[in-house]
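Please keep the sequence and the model in view while reading.

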Amino acid sequence: VQAISFHTLRWLGAAEAVREQLVPRRPAPALDALLLTALALLWPHSQPPYSAHTLVNEAVTAAGLRHAREAGFVNAVLRRYLREAPALVQRLATDPRARFNHPAWWAKTLQHDWGPLAEPLMAAAQVHPPMALRVNRRRATPAEAAARLQTAGITARASRDPLLDSCLLLDTPVPVTRLPGFDDGWLSVQDVQAQRAARWLLGDSDDEARADRAADGWRVLDACAAPGGKTAHLLERATLDLLALDSDADRLSRVGETLERLGLTAQLKAADAAQPDAWWDGTPFDAILLDAPCSASGIVRRHPDIRWLRRPGDIATLAAAQLRLLGALWPLLKPGGRLLLATCSVFRAEGQHLLDAFLQRNRDATVGWLPGRSGHLLPLPDNATPLDDGTTGPPGDGFFYALLLKPR
Ligand SMILES: C[S@@+](CC[C@H](N)C(=O)[O-])C[C@H]1O[C@@H](n2cnc3c(N)ncnc32)[C@H](O)[C@@H]1O
């Protein structure tokens, strides 16, 4: 069910454009959902998930479970699609919804932000995401973890990027329950680009790798911690006095579960990071991670519903909240301290422009490190990971990172 839903959401633009051609009046929601699902699955793909015959039969049977008349309607629409598909597909070739499968405002924002990269970005959102693992260095080495995976028939390759020295990429994604070593805290599932955060916050840049132990004893704030992927990575790499905050108590409980599985400890607090008066004890932090709530436009290939659920006004609202969080947390940093700002967004409003707005208001802040030229890591092939066998892995998720330094 999840695979079918995800496929439909990835190709919803094309499915809606076809449905409008075939059925001028929008059917009732449940019937429309069934039709759109069938049309998304029937839309031409290099590897069609099902044969056209199977699809039409199953869609008609499903409609018949509700009403015989609906079965007849679905049968007529889908058979007409099959008869007219070549002409329909050709007619819709210039319809942006069918071509890009993203809402028009989203496509426009990407075109504004990234010009010719907008189309490759939208195409990348149609591809199934890779599965990357992070090895808990306190429990195993990547080689040991890879060997254990191999015994379960799972092939994992290590990254050659020195900053991704705990990262394994699976050739084929598998359910977490099939990963040997997961319950023992050897492994976590975490995207390649997300694995950069802990290294950058603890003091490594791409040019200058250094021992994480240098951060031992640091007092660290993870301001938006849930579900705890980056919190755990920080604690795997150094022995920290870490406070993990999240405003969502239910999500915060997942941080606790993750840390327990991995054998790590931190202080957890459900609180609004933008209101330090309510939770800060006045002792400044050596380092702060602000992995801010955002549009998640950098991870649409993992969550294909995001593009349809967001509204155009959300981006400005989110960027304003991110700026508020940054402004509230900056004073909590020690002189000489470092703050890593992260969003999993490809929109410049939630990255480069957010950083500019912050620097305008906080003249004491300097940028210590910015990946790429803008801080944005786009989910495109030039951000793919080199692997230990000499091949290149798939691109990681879309992220924005900026390391901010406070003068001594
Ligand atoms: C991008 S997620 C963090 C992901 C996490 N750092 C990880 O690597 O697993 C953003 C989190 O911020 C939390 N959040 C949103 N607004 C917040 C606020 N004002 N204060 C603290 N947490 C907040 C959300 O509940 C959400 O869990």
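A residue is called buried when its relative accessible area is under 20%, exposed when that area is over 50%, and partly exposed in between, with a 1.4 Å probe and only the protein chains counted. S166 counts as buried because its relative accessibility is 2%. The model is predicted, so local features need pLDDT of at least 70 and side-chain atom pairs count only at pLDDT 80 or more, whereas totals for chains, interfaces and linings use all residues. Residues are numbered from 1 along each chain as its sequence is written, and side-chain values use heavy atoms, with hydrogens and water left out.

**Residue S166**

S166 lies in the loop between β2 (156-158) and β3 (167-170). Helices (H or I, at least four residues) and strands (E, at least two) are DSSP runs, numbered from the N terminus. The side chains of S166 and D165 are joined by a polar contact of 3.3 Å. A polar contact is a pair of N or O atoms within 3.5 Å; within protein, one must be able to donate a hydrogen and the other to accept it, and residues adjacent in sequence count only if both atoms are side-chain atoms. Apart from neighbours within four places in sequence, S166 is in contact (heavy atoms within 4.5 Å) with L133, R134, V135, R137, P142, Q195 and R237.

**The ligand**

Which residues come nearest to the ligand? Of the 19 residues around the ligand, these are D246, R251, D272, A273 and D291, where a residue is near if one of its heavy atoms lies within 4 Å.

| Protein atom | Ligand atom | Distance |
|---|---|---|
| S247, backbone N or O | nitrogen | 3.1 Å |
| R251, polar side-chain atom | oxygen | 2.8 Å |
| D291, side-chain N or O | nitrogen | 2.7 Å |

On its own the ligand has 600 Å² of accessible area, and the protein covers 83% of it. Such areas come from the Shrake-Rupley method with a 1.4 Å probe; for residues, only the protein chains shown count as cover.

Helix α3 (residues 29-42) has 14 residues, and its first and last C-alpha atoms are 20 Å apart, close to the 20 Å expected at 1.5 Å a residue. The expected span is 1.5 Å times one less than the number of residues. Among the buried residues of α3 are L31, L35 and L39. An α-helix has 3.6 residues a turn, so residues three or four places apart point the same way. The buried residues of α3 pack against α1 (2-10), α2 (12-22), α4 (52-64) and α5 (68-91).

Helix α14 (residues 314-329) has 16 residues, which should span 22 Å, and its end C-alpha atoms are 22 Å apart, in agreement. Its buried residues include I315, L318, Q322 and L329. Their cover includes β5 (219-222), β8 (285-291) and α15 (352-361).

**Backbone and burial**

Most residues other than glycine have a negative phi, and most peptide bonds are trans. A cis peptide bond, with omega about 5 degrees, joins A226 and P227. P227 belongs to the loop between β5 and α11 (229-237). V255, in helix α12 (residues 249-262), has both A226 and P227 among its contacts. V255 counts as buried because its relative accessibility is 0%.

N101 has a positive phi near 55 degrees and lies in the loop between α6 (96-100) and α7. Is N101 buried or exposed? At 1% relative accessibility, N101 counts as buried.
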